[in-house]
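Me: Please take a close look at one part of this structure for me. I would like a connected account.

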Amino acid sequence: MCLGIPGQVVELRTDRPDLAEVDVSGVRRPINIGLLIDDPPVPGDWILIHVGFALSKIDEAEAKAAMDFLVSLGQAYDDELAALQASRIE
Amino acid sequence: MTGSEVGEVQTAAWAEAVVRTYADQQGPTDREEQVLARIERARRRRPRLTDQRITLAHGAGGKASQTLVEAVFRDAFDNPLLAPLEDAAVFTAGEAALAFTTDSYVVTPLFFPGGDIGDLAVNGTVNDLAVAGAKPLHLSAGFILEEGFPVADLRRIVASMRRAADVAGVSIVTGDTKVVPRGRADGCYITTAGIGLRDPSRHLGAATVRPGDAVLVSGPVGDHGVTVMLARGELELAAPELRSDTAPLSGLVAALFEAEVPVRAMRDATRGGVATVLNELARAAGVAVVVDQAQVPVRPVVRGASELLGIDPLYVACEGRMVVVVPGEAAESALAALRAHPLGAEAALIGRIAEDPSGLVLLKTAFGGTRIMDLLVGDPLPRIC
Amino acid sequence: MRFVDEFRDAGAARALATRIAELCEPGRQYTFMEVCGGHTHTIYQHGLEDYLPEQINLVHGPGCPVCVIPMGRVDDAIHIAEQPDVILASFGDMMRVPGGRGSFLEANAAGTDIRMVYSPLDALKLARSHPDKHVVFMAIGFETTAPSTAVTIQRAAAEGLDNFSVFCNHVTILPAIKAILDSPDLRLDGFLGPGHVSTVIGCEPYRFITRDYHKPLVVAGFEPLDILQAVYQLMQQLAEGRCEVENQYSRVVPWQGNPAALRAVHEVMELRPYFEWRGLGFISHSALRIRPEYAKFDTEARMALPGVRVADPKACQCGEVLKGVLKPWECKVFGTACTPETPIGTCMVSSEGACAAYYNFGRFSRQRVKEATRV
């Protein structure tokens with residue numbers, strides 16, 4: 001379903017390779033990382049959590065690219081607004 | 001494969017019955033406004049309890065609880081002192097202006113980070129009196145104990161109650177004990193009642209609330225509810241530093257009065273959280289409450305747990321937080337008075353009273369959009385969707 | 001909160017909203033369907049419709065797996081819970097959904113032991129700690145949740161548990177989208193694709209929509225900026241005459257999906273020939289059941305269920321709301337007979353159904369809300 005939340009891997013379990021301790025804004029929960037077996041996460045990685053399972057790794061480069069685009073949009077918007085203000089003064 | 005192939009189709013009798021009840025209000029409409037007006041009329045109808053049995057939703061403080069109280073208790077007991085359905089009943093007895101309240105405590109687990117059922121029992125009743133503007137005087141405490149409950153645990157709870165009573169400046173002057181067979185009472189249930197003395201010249205309550213008033217909260221929301229949810233251990237979530245916010249609010253209220261803040265109304269936010277209390281106020285006062293989500297204080301860990309579970313911290317129970325309504329121009333002095341007190345250090349101005357839409361709470365989201373924040377039917381249930 | 005708060009930035013939202021408005025052709029209406037209950041929730045939770053121009057209409061499709069479970073299946077679940085020594089474990093979303101005989105919450109009032117869990121693994125834990133009970137996990141959800149159920153069953157098998165089974169109600173999203181596209185009375189300009197389903201199935205499976213039905217689809221995330229950006233991308237496609245599958249949620253959704261997750265589902269489950277969707281009727285190959293090799297963990301193989309079909313009342317118009325033909329307030333019983341306390345049909349039953357979302361959050365007219373919040 002839909003409710004997935006980003007969390008950060010804190011610790012991998014030595015006794016159970018399919019479990020990891022994950023942190024969400026200060027709350028900890030053991031998460032099953034078995035679905036990421038093809039490319040397991042390591043401590044520090046961000047993952048998407050859904051009903052106690054990690055569904056995917058969060059690609060920080062993609063996230064940054066997305067934010068850069070949005071910020072640039074905001075910047076261009078602010079630039080235009082500024083240009084609009086300036087043109088009114090004249 | 002299910003037997004749907006058999007072709008047998010039934011109808012849900014309860015659904016047909018509900019449709020029939022509103023048959024007079026159906027009919028085509030092409031105007032959204034007409035439908036919304038129809039809904040408002042439906043919402044204002046006398047509440048009727050159609051449930052045959054009590055469910056957990058009836059105890060959650062939301063719509064189901066409200067319907068139960070109005071359709072069963074208020075109807076049966078029907079008297080003007082009960083009618084306002086505020087946290088405490090206020091009346092005069094001879095020269096004395098009194099406030100009187102009662103509460104029951106059925107929390108599980110009994111002991112949790114930041115307190116136990118004993119703390120809740122004393123603070124909860126003290127707070128109902130405090131927000132009625134009364135100085136809490138004396139409490140009663142009734143115990144329902146389960147056969148087999150350890151005496152050591154009972155002593156622990158009672159010690160907490162004594163400590164909490166001392167901090168709040170009240171004494172427990174009468175009580176009762178019953179024991180029920182093993183399997184009932186989850187160990188220990190406590191019921192308290194409290195009596196307090198009001199200043200007869202001070203008029204508080206929903207009826208005094210006006211458009212333009214400011215709405216404040218005394219601290220971060222949702223600490224208690226999330227602490228208890230995690231303490232149950234069923235969700236395997238750990239938040240080691242999180243504690244219940246259980247505390248007596250009488251000191252905070254005294255601070256407001258001492259600073260001569262002209263308080264209109266106060267409510268302590270318990271089950272159902274701040275959102276429920278604001279809805280009750282809006283409804284009782286016939287005004288709108290407009291909340292600025294970005295201003296509502298929430299601890300990061302409460303936010304994290306809430307996001308994980310898909311619940312909204314504004315609906316999560318507190319046990320030591322109050323909502324205070326003051327005239328708009330008194331907001332700054334009220335905040336200052338609250339923040340000067342240790343329990344109010346993180347007090348915040350979270351919204352304003354408006355005239356319209358009457359009886360509703362609106363939320364200006366941190367994102368800048370607006371929406372209604374309605375009463376939940378029951379407890380905020382963890383979502384996965 | 002990282003990866004959450006940045007995508008809730010109001011400044012960027014205003015910028016996006018301006019760009020979206022610029023792409024609107026004068027006099028033209030645009031209708032986009034979002035199929036995911038989570039998208040409906042975000043749109044209403046954050047008041048997103050305030051940001052979109054009047055010309056853009058967001059329609060809420062059948063992407064709420066709680067909503068589409070027929071009342072008869074809820075009755076079956078209650079029947080399961082009524083069997084001796086059964087604990088039924090369910091997600092919170094299901095607790096108040098009424099079947100023909102009432103909801104799980106009401107069944108508990110009458111004596112069943114139905115417990116809320118956050119994860120199927122919690123249900124497994126219950127089974128381990130209650131060896132004398134049969135713990136049944138009510139599995140619901142689209143392809144997002146099916147892998148988790150599948151892995152849980154694999155764990156139960158590995159541990160040799162005898163007292164754990166799953167009542168499987170997983171459904172698949174693509175047949176439902178196809179059913180929407182095939183319905184004659186629909187006018188859609190594009191789709192916001194389900195974000196978390198796509199982490200499992202990837203983005204390729206949506207090509208049939210662009211190829212055969214000529215509607216663009218943008219896979220969208222769940223924060224407000226994700227949805228606004230996805231709308232922006234759809235508008236760009238329409239303006240440029242393109243019709244493609246795009247992935248706005250690339251920080252989470254890999255184009256190829258999650259092969260390990262798909263393997264787990266494939267090993268444990270198979271497609272049912274057909275399944276009933278509340279509000280949409282029977283759809284073929286649209287739901288999952290547990291494979292015979294795992295029959296020990298299939299509640300339907302271990303118990304006989306009544307399997308009675310319970311129809312929605314005639315007054316219920318959910319089918320049309322689900323397809324975006326009717327708005328919630330245009331349904332004759334909306335808000336009167338059908339409310340969040342007494343939900344008559346699927347669209348009101350979960351807080352993400354279109355009607356529930358509108359009733360709980362959006363029903364006050366946008367104009368009056370704007371006036372009130374200027375206080």
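This is a predicted model: local features need pLDDT of at least 70, side-chain atom pairs count only at pLDDT 80 or more; totals for chains, interfaces and linings use all residues.

In what order do the elements of chain A run from the N terminus on?

Reply: The elements of chain A run β-β-β-β-β-α from the N terminus. That is 5 strands and 1 helix. Chain A has 90 residues, and 40% of them count as buried. Take the contacts in chain A between residues at least 6 apart in sequence: 29% of these join residues at least 24 apart.

Now the sheet in chain C. Strands of a sheet pair through backbone hydrogen bonds, either parallel or antiparallel. Here the pairing is parallel, and 5 strands form an open sheet in the order E2-E1-E7-E8-E9. Strand E2 (56-60) and strand E9 (245-247) of chain C are the edge strands, each pairing on one side only. On average, neighbouring strands of this sheet are turned by 25° against each other, direction ignored. Look closely at one pair. Strand E1 (residues 30-34) of chain C pairs with E2(C) over 5 bridges, in the parallel sense. Within this pair, C:Thr31 has C:Asn57 in E2(C) as its bridge partner.

Last, the core. The largest nonpolar core holds 271 residues. B:Leu216, B:Val289, C:Val231 and C:Cys355 touch the most other members. Helix H10 (residues 224-240) of chain C gives the most to this core, with 9 residues. Not counting residues up to four places away in sequence, B:Leu216 touches residues including B:Val324, B:Val326, B:Ala331, B:Leu335 and B:Ile350. In soluble globular proteins, nonpolar side chains tend to be buried together.

Conventions:
Residues are numbered from 1 along each chain as its sequence is written. Chains are lettered from A and ligands numbered from 1 in the order in which they are written. A nonpolar core is a set of buried Ala, Val, Leu, Ile, Met, Phe, Trp, Tyr and Cys residues joined through C-beta atoms within 7 Å. A residue is buried if 20 or more other C-beta atoms lie within 10 Å of its own, exposed if 12 or fewer, and partly exposed in between; C-beta atoms are placed from the backbone. Helices (H or I, at least four residues) and strands (E, at least two) are DSSP runs, numbered from the N terminus. Two residues are in contact if their C-beta atoms, placed from the backbone, lie within 7 Å. Two strands pair if DSSP finds at least two bridges between them. Axes are lines fitted to C-alpha atoms, for helices over the stretch in contact, and angles run from 0 to 180 degrees between N-to-C directions.
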